[in-house]
Amino acid sequence: MRADLHVHSNASDGTDPPAEVMRRAALAGLDVVALTDHDTVAGHAQARQALPGALILVPGMELSGRLDDPALGSMSLHLLAYLFDPDDPELATETRRIRDDRVLRAQAMVDRLIDLGVPISWEDIAAVAGTAVVGRPHIARAMAASGAIASPEQAFTPDWIADGGRAYVGRYALDPVRAIALVRSAGGVAVLAHPRADRALLVSDAQIAELAAAGLAGVEVFHPDQPDPASLLGLTRDLGLIATGGSDDHGSLTGHRIGSHIAAADAYERLIAQATGAKPIQGG
């Protein structure tokens, strides 16, 4: 079974509509795809309606978290939440708060960019994002369109909007232990997303073990920005966690790489066995 458990649509910061993401998932030969937009389930209905053939949709979400490290300070940490009840009131309230603060943060980043001489406005960002959950990739695309940078990737540097960059602004995010508890309370399962993708802010083995003790179900081991999964794979075995995988596809922003990285053979079955909030959706 080929399962890509981490993809995005234009409901958040991907470039393609959920229906197109489902079409490309089928063309990539996937059996299972998880739609995991940032802090929203807005794309699930369209994805469900567009499911082709025998493709299975796992409703999910990439939930924003923040980990306070005594040595490194505050660091961004994301959880992939799967098969939770989307109507759970506490989880819905928190994700709404995160989305609202994303807008305030993006507006503040635009103000900083303007002060740095970038010829963009909030209206430019809103035009790129549309009704989607606003994220830094929308700002990056607007910067590229303005001519300030040659391509969106160039925005994610210390000069611009990378973590700690000149125009970077922090935002509200959940303590990961609380986020795990919220997901579990909603009947879902929580997986730590790409913990070794940012070489400057690696989530340590000890930190992952603490999250496992708090109810973390798995770790995203196979990811395009984690070229050497061996150490993470060994850690998941030691901790009894599920080793998952996904492309983290964002459409044209990441080169339409859906299906490039997939979960281990038994990961999908182990995930759904722990979930009580929602069920996978069968196409065809």
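**Close-up 1. Strand S1 and its burial in the predicted model.** In this predicted model, five of the five residues of S1 are buried, so the strand is largely enclosed by the rest of the structure. S1 is joined to strand S2, which spans residues 32-35, by three bridges, and these two strands run parallel. Within this pairing, Ala 3 of the chain is found opposite Val 32 in S2.

Close-up 2. The loop between strand S1 (3-7) and helix H1 (18-27) contains Ser 9. The relative accessible area of Ser 9 is 0%, and because buried means under 20%, this residue counts as buried. When its neighbours within four places in sequence are left aside, Ser 9 is in contact with Gly 14, Asp 16, Pro 17, Pro 18 and Val 21, and also with Leu 35 and Asp 37.

**Close-up 3. Strand S3 and its two pairing partners.** Of the 14 residues of S3, 13 are buried, so this strand, too, is largely enclosed by the rest of the structure. With S2 the strand S3 runs parallel, four bridges joining the two, and in this pairing Val 33 stands opposite Leu 57 in S3. With strand S8, made up of residues 281-282, S3 pairs instead in the antiparallel sense, over two bridges; here Ile 56 is placed opposite Gln 282 in S8.

**Close-up 4. The largest pocket and the residues nearest its centre.** The volume of the largest pocket is about 1,100 Å³. Its lining is formed by 36 residues, and those that lie nearest the centre of the pocket are Arg 136, Phe 156, His 194, Asp 225 and Asp 248.

**Close-up 5. The make-up of the lining of the largest pocket.** At least two residues of the lining of the largest pocket are supplied by each of four elements, namely strand S3 (56-69), strand S4 (73-82), helix H3 (89-115) and helix H5 (136-146). Sorted by class, the lining of the largest pocket comprises 14 nonpolar, nine polar and 13 charged residues.

Key. Residues numbered from 1 in each chain as written. Predicted model: local features only at pLDDT ≥ 70, side-chain atom pairs only at ≥ 80, totals over all residues. Heavy atoms only, no water. Buried < 20%, exposed > 50% of the residue type's maximum accessible area, 1.4 Å probe, protein only. Contact = heavy atoms within 4.5 Å. 1 Å grid on protein atoms, 1.4 Å probe; cavity = no way out; pocket = protein on both sides within 12 Å on 5 of 7 lines; lining within 4 Å. Points joined across faces, edges and corners; volume = space filled by probe spheres on them. Nonpolar A, V, L, I, M, F, W, Y, C, P; charged D, E, K, R; others polar. Pairing = 2+ DSSP bridges.
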